[in-house]
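Let's take a walk through this assembly together. Please have the sequence and the 3D view open as you read.

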Amino acid sequence: MRLPPRPQERIDRSRELTFFFEGEPRHGFPGDTVGSALFASGRRVFSRSFKYHRPRGLLCCSGQCPNCLMQVDGVPNVRVCTMPLREGARVRGQNVLGSLDRDVMSVVDKIGGPFTPVGFYYRTMIRPRRAWPLYERFLRNVAGLGKIDRGAGRTRRFDTEHRRVEVLVIGGGRAGIEAARAAAARGEQVVLVDEGLGPGERAAGGSFEVIAPARALGIYEGGLVPVDAGQVLIRFRARRIVVATGAIEQPLVFPGNDLVGVMLPGAVRRLTDEWSLRPGSRAVVIGADERALSVVAELRSAGTEIARVVDLRAESPRRIAAEGKKGRLASVLVDGEGLDCDLLVMSGGRQPAYSLLAQAGARIEYDAGRGVFVPIELPASVEAVGAVAGELPSGATPAATYEGGGKARGKCFVCVCEDVTTKDVRRAIAEGFDSIELAKRYTTVTMGPCQGRLCQLPSVRLYARENGTDEAAIGRTTARPPWAPVSLGLLAGRGHEPARRTSIHERHVQLGARMMWTGAWRRVHSYGDPAGEVRAVHEAVGAIDVSTLGKILVSGPDAAAFLERLYPNRFGDLRPGRIRYSVLGTDAGRIMDDGTIARLDDDRFYVTTTSTGADVVSEWLEWWNAVWGMGVEVVNLTGALAAVNVAGPRARELLGRLTDLDVSNESFSYLDAKQAHVAGVPCLLLRIGFVGELGYELHCSSPYGEYLWSTLLERGADLGLRPFGLEAQRVLRLEKQHILVGQDTDSESNALEAGMPWVVKFDKDEFVGKWALEHVRERGLRERLVGFEMTGWTVPPEGGQIVVDGRPAGRVTSARWSGELRRAIGLAWVPAALAEEDAELAIRVDGRLEQARVRLRPFLDPDGERLRS
Amino acid sequence: MSELEFLSTDRTRTGGGFEPVFRSPLADALAAAGPDVRDLSALGKVEVRGDVEGFDGLASAERIPLTPGRTLFLCAPEETARLREALADPSRTVVDVTGALAGLELRGERLLRRLTDLDLDGLPAVGAVARVTTIVLRTGEEFRLFFPQEYARSMAEVVLDAAAGL
Amino acid sequence: MSFLIPCPNCGSRDVNEFAYGGEIAVRPEARPNVRELGSYLYFRRNVAGVQREWWFHRLGCEAWFQAERDTRTNEVLLTERPRASRDEAPPGPEAPALPDTPAV
């Protein structure tokens with residue numbers, strides 16, 4: 001089937017490649033594409049159309065149109081006309097029920113029915129409602145192209161690469177190569193990307209880099225150009241972008257314009273020149289420019305007989321129609337003159353491929369003289385060269401839409417991707433879709449795989465004619481990335497999610513911990529027995545990894561003044577070695593975080609934050625530091641330090657075994673901070689009690705966290721020490737009514753209504769949030785965060801409703817079963833009037849109302865005797 | 001105690017039945033790595049807030065300016081204490097970040113391009129490597145990354161995976 | 001978004017490395033009434049044009065700085081380290097917007 005060797009051919013006839021089509025072996029040469037090799041093997045039908053399942057053959061043969069989409073090695077929607085042939089490639093047709101040659105679904109083309117006109121899915125399948133699942137199943141089956149290989153995720157890999165380049169040239173045609181050479185000659189670093197096989201190393205001559213096949217997907221702000229290079233998405237940051245995407249031959253619109261055997265001139269040229277194939281035996285050529293008509297010579301050299309040449313510049317036929325047999329071109333009618341042929345080369349002129357330029361911000365205008373849209377007013381640092389810049393032969397006659405007339409009633413396609421005909425467009429216009437943007441969404445013209453390359457201009461021409469106006473008035477639709485279809489996998493990349501792990505993480509895993517996410521942190525939910533873990537803390541001693549706590553060093557001569565100004569609580573009078581709790585508020589008076597602050601010495605404070613708040617608080621502190629410009633340094637030490645909270649009545653005994661420090665209650669009291677070696681590791685020890693029992697937080701350099709943890713567990717085993725997780729901690733802190741910011745508070749909560757008026761020092765001159773809290777104090781409290789205990793045994797759901805007079809009036813924020821109290825307890829926001837000890841609450845649980853009583857003081861150890869013991 | 005001893009990794013005491021073990025955050029994560037990837041986590045690292053313009057206390061320490069008021073010093077592990085002392089000055093905040101930052105050395109510009117969009121010809125710099133804030137240094141084809149230690153395993157996974165994709 | 005921001009410490013970087021700190025607002029010097037407080041907290045000028053704003057280089061030097069950005073084009077005209085000192089209020093818009101309703 002090949003012609004004798006030709007001068008420009010790309011194929012290497014000395015070697016043969018074998019591949020498989022529908023399981024049958026086929027042959028080709030190196031230099032072939034899958035498409036050219038299939039064409040050489042005699043295949044003419046390459047796909048079935050989207051809606052009508054009409055047979056389609058090679059149309060553009062340059063990776064623009066949807067006509068050669070196939071499954072190659074399990075990958076759907078591969079344009080085989082540009083896919084280099086590989087030994088052993090497995091190729092299959094897609095979007096068929098049966099085979100490409102006998103597709104059962106092609107019955108749709110014959111009978112049509114309600115499921116083919118434009119916008120049918122807006123009008124049909126509405127009733128009966130109970131049939132929706134059926135409709136959905138039907139639509140899922142017929143919609144879309146290709147089949148995703150569900151196992152591919154495990155075998156295919158996509159990477160992302162970042163490149164910086166001085167000049168990025170998009171397009172490897174003559175203009176692109178010239179621009180690349182010129183830039184390289186100026187000493188600039190140049191990369192050229194090309195959708196096809198590229199200009200080859202010879203053209204580059206080593207002066208610039210060529211990446212091909214590689215598709216530029218868009219031009220984004222800051223010179224960002226993502227390029228699809230197959231398995232790698234290259235994110236180029238280019239100082240200058242040269243767009244040399246050329247121009248795209250436009251199909252003519254006439255009945256039967258989608259038949260197999262109707263081709264664009266470029267396809268003919270490539271088939272003959274590059275792969276030495278004869279595109280047909282007898283041809284009609286209809287074109288509007290020199291470039292199109294020049295294929296006549298090429299066809300003759302390939303031995304194709306020329307039946308007729310119609311130069312649209314010289315003659316203006318009123319009727320053109322193609323007729324076929326079984327979907328393949330058999331004859332062409334030009335103004336009634338019938339011409340038998342198996343090839344029709346058509347061209348309605350060339351449209352500059354301006355999409356990337358439009359995305360970059362160029363203005364696009366209709367050039368009535370040449371009948372195409374051209375880019376003008378390019379943004380800085382973007383250039384256009386060659387045909388895309390409008391360097392086209394001038395004076396090309398704008399091609400129109402042709403009626404078949406007479407017997408020729410075949411479908412007349414404006415958009416081959418989505419199977420939209422001129423009839424559909426007229427219908428949309430008749431229904432009132434007069435704006436091109438709205439009509440696009442209704443008809444889906446330009447929304448298919450070609451993204452408007454072959455249908456934007458013809459559809460604009462049709463709209464103009466149907467609306468009795470001109471193309472300039474109709475305008476064009478907005479160009480958006482991606483300009484070329486792209487695999488979602490390529491955009492997703494490797495999909496790693498950064499995770500933070502404490503230095504003790506491996507030990508938890510060894511202990512069989514159930515891990516959970518808290519923000520980006522991996523934390524221990526429990527070691528399998530939360531209730532037992534709670535019991536250990538109450539009765540003996542427990543240890544929890546709290547390395548995730550935010551830890552911030554605030555140092556400098558103004559450190560005390562800075563914290564005094566930032567936090568509602570007082571820190572100026574805090575003595576070195578002492579600790580104080582505070583919430584952290586915004587200027588709106590809201591609680592954004594909470595934690596303890598230890599004064600290490602005159603100029604240094606150790607600020608802790610919640611685990612998820614560490615970064616936010618650190619940025620917040622840095623921000624106020626930048627605003628106020630005080631003599632303060634804020635150093636985020638969160639990851640630098642591991643921290644373990646050792647809590648329980650036997651915590652002191654355990655600590656005494658590990659340190660020389662006097663741990664007696666007299667010399668190391670509640671809310672004291674000390675530095676000492678524990679198990680030989682220098683630690684900052686904070687005596688605080690989030691979980692309500694005697695407890696010490698040990699903070700040490702992260703690389704020793706694991707050693708400290710293991711040593712604690714080892715030396716505490718005989719005291720009944722158990723490691724505990726977040727679930728146990730949640731119960732323990734709830735028994736003390738200690739709030740969890742973000743759980744018990746939200747972005748509306750303030751310290752007064754959250755029941756912590758003691759933390760707000762109104763007598764300070766100023767602090768962030770003071771004004772707002774003063775206004776809250778003056779208007780009076782509207783709601784309150786209070787503790788409650790259930791009368792019955794039910795634990796209400798978190799988020800459950802508090803009901804007053806049958807109406808929702810508050811909500812449960814935390815609720816747990818306390819084994820220690822043998823009661824269900826919780827925290828809830830209630831109307832201020834209900835914030836009285838013993839007030840009765842009704843809580844909605846599964847539709848029923850359950851009774852609870854307000855408890856304003858901690859459920860356990862209300863006077864903090866255990867904490868201070 | 002004026003020094004923040006609990007931040008330093010070189011102030012542990014062995015004795016009384018205790019033998020503190022320094023464990024690199026990358027210890028497990030790099031088990032499967034080839035010879036081109038090295039763990040630098042044990043290097044001495046000291047961050048200084050304040051002016052270090054005229055500082056010449058420890059010639060062997062490497063100096064990486066992060067902002068005009070913030071500088072990172074790198075030194076051999078055994079020199080860390082000397083570096084801290086030399087830097088100590090009432091006008092500066094000196095923080096030992098040896099334990100805070102994990103360190104990773106790897107080879108190949110191409111590998112780095114898969115991990116970061118930093119300008120590899122404009123190093124050292126701080127930027128996103130595998131979406132983690134990282135200080136990146138370069139000597140020829142050798143790159144050194146310093147990043148928060150809690151991301152060590154996550155980072156090692158990404159780096160080894162990217163290397164496998166080349 | 002993929003525009004570049006010239007960080008005063010690190011040079012030109014992808015916007016995704018930064019956290020946006022909002023348009024610069026003038027903080028009242030004395031206790032504001034409810035209306036003034038609402039204006040300060042919740043009302044921004046939201047100009048279509050150049051505005052001065054806070055940015056934090058989260059995936060970089062971890063420092064705050066100020067930028068002048070054209071909100072129509074995302075062109076960042078200048079960036080600089082905060083100039084504020086103890087005595088100087090942070091620079092802000094010429095005229096803060098006035099709310100129609102009290103916010104507290």
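The domain bounds used here come from an automatic or database domain assignment. With those bounds, the C-alpha centres of domain 2 of chain A and domain 4 of chain A lie 26 Å apart. Please keep in mind that this is a predicted model.

## Overall form of chain A

Chain A carries 25 helices and 46 strands. Its radius of gyration is 38 Å, well over the 29 Å that the globule rule gives for 869 residues, so chain A is more spread out than a compact globule. Taken along the principal axes, the box filled by the C-alpha atoms of chain A is roughly 110 × 65 × 55 Å.

As for the interior, 52% of the 869 residues of chain A count as buried. Among the contacts in chain A with a separation of 6 or more, 65% come from residues 24 or more positions apart.

## Domains of chain A

The assignment for chain A lists domain 1 (17-111), domain 2 (157-244 + 351-395) and domain 3 (250-349 + 396-411). It continues with domain 4 (412-484), domain 5 (498-549 + 638-749) and domain 6 (782-868).

## Where domain 2 meets domain 4

Back to the pair we started with: 15 residues of domain 2 of chain A are in contact with eleven residues of domain 4 of chain A. On the domain 2 side, the elements giving two or more residues are strand E11 (215-216), helix H11 (355-360), strand E23 (363-367) and strand E24 (372-376) of chain A. Which of these gives the most to that side? H11(A) does, with four residues.

By residue type, the side of domain 2 of chain A that touches domain 4 of chain A divides into nine nonpolar, four polar and two charged residues.

Chain B has a mean pLDDT of 92, and 99% of its residues reach 70 or more. Among its elements, the lowest mean pLDDT (93) belongs to helix H1 (residues 80-87) of chain B, while strand E9 (residues 142-148) of chain B has the highest (97).

Turning to its neighbour, eight residues of chain B are in contact with nine residues of chain C. E7(B) gives the most, with four residues. The residues on this side of chain B divide into four nonpolar, three polar and one charged.

Key: Residues are numbered from 1 along each chain as its sequence is written. Chains are lettered from A and ligands numbered from 1 in the order in which they are written. This is a predicted model: local features need pLDDT of at least 70, side-chain atom pairs count only at pLDDT 80 or more; totals for chains, interfaces and linings use all residues. pLDDT is the predictor's confidence in each residue, from 0 to 100. The radius of gyration is taken over C-alpha atoms; the globule rule is 2.2 Å times the number of residues to the power 0.38. A residue is buried if 20 or more other C-beta atoms lie within 10 Å of its own, exposed if 12 or fewer, and partly exposed in between; C-beta atoms are placed from the backbone. Two residues are in contact if their C-beta atoms, placed from the backbone, lie within 7 Å. Ala, Val, Leu, Ile, Met, Phe, Trp, Tyr, Cys and Pro count as nonpolar, Asp, Glu, Lys and Arg as charged, and the others, Gly among them, as polar.
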